[in-house]
Amino acid sequence: MFGYIIFFSYISVGKTKSMMAREKMVKGYCRQGTIKCRQVMDRIIKSARKKGTITAYEHRYLSEVTVWCVDQRRGRAYYRHNDITIPKWSLTEEKGCGYITWYVAHELAHMLADERWGDTRGHCLDFYRAMVDICPRQHQKHEYGYQKRSPKKLRLARAIQKEKGYDRR
């Protein structure tokens, strides 16, 4: 089994040693794209907390998630490592305004659903409930083309949210 030798040659404000270690181990990540994705993630989390759709504990949990912009086909949520990855191609403007916001919110929704309801891998109703809670409504339109049953599940999740009394458009 091969190991990684990690050198901490720089000290960065706001980064923990474990984050710097993971940065050295993540292969082929885009630094500028990662910075942009992290800014988008912070904006999404603050907005959801301000609306009251996530609790203070969930806000703290999601703030500890590390987002990486990498060269791959799909985004992934790594529950054990508290990481999410966003593909580089999603940063292009040809997908339209707000696509990167939706993509980051989509992966964060996987993390939030897993934290709230336990083992919720995939796109189940609990995932869509978390998606409605965290993703800004104007960017949820990108979810419709993602899977065949997405629109139906998204409407059902919105109905549940409205029933709870915090449907804010």
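Threonine 85 is buried, with a relative accessible area of 7% (buried means under 20% relative accessible area, calculated with a 1.4 Å probe on protein chains only). The residue lies in strand β3, residues 83-87 (strands are DSSP runs of E of at least two residues, and helices are runs of H or I of at least four, both numbered from the N terminus). The model is predicted, so local features need pLDDT of at least 70 and side-chain atom pairs count only at pLDDT 80 or more, while totals for chains, interfaces and linings use all residues. Residues are numbered from 1 along each chain as its sequence is written, and side-chain values use heavy atoms, with hydrogens and water left out.

The side chains of threonine 85 and glutamine 72 are joined by a polar contact of 2.6 Å (a pair of N or O atoms within 3.5 Å; within protein, one must be able to donate a hydrogen and the other to accept it, and residues adjacent in sequence count only if both atoms are side-chain atoms). Beyond its neighbours within four places in sequence, threonine 85 is in contact with residues including Trp68, Val70, Tyr78 and Glu107 (contact means heavy atoms within 4.5 Å).

Aspartate 133 is found in helix α5 and is buried, with a relative accessible area of 3%. Its side chain makes a polar contact of 2.6 Å with the side chain of arginine 116.

Helix α4 (residues 99-117) and helix α5 (residues 125-134) have axes that come within 8 Å and cross at roughly 125 degrees (axes are lines fitted to C-alpha atoms, for helices over the stretch in contact, and angles run from 0 to 180 degrees between N-to-C directions). Residues making this contact include Arg116 of α4 and Asp133 of α5.

Methods:
Buried < 20%, exposed > 50% of the residue type's maximum accessible area, 1.4 Å probe, protein only.
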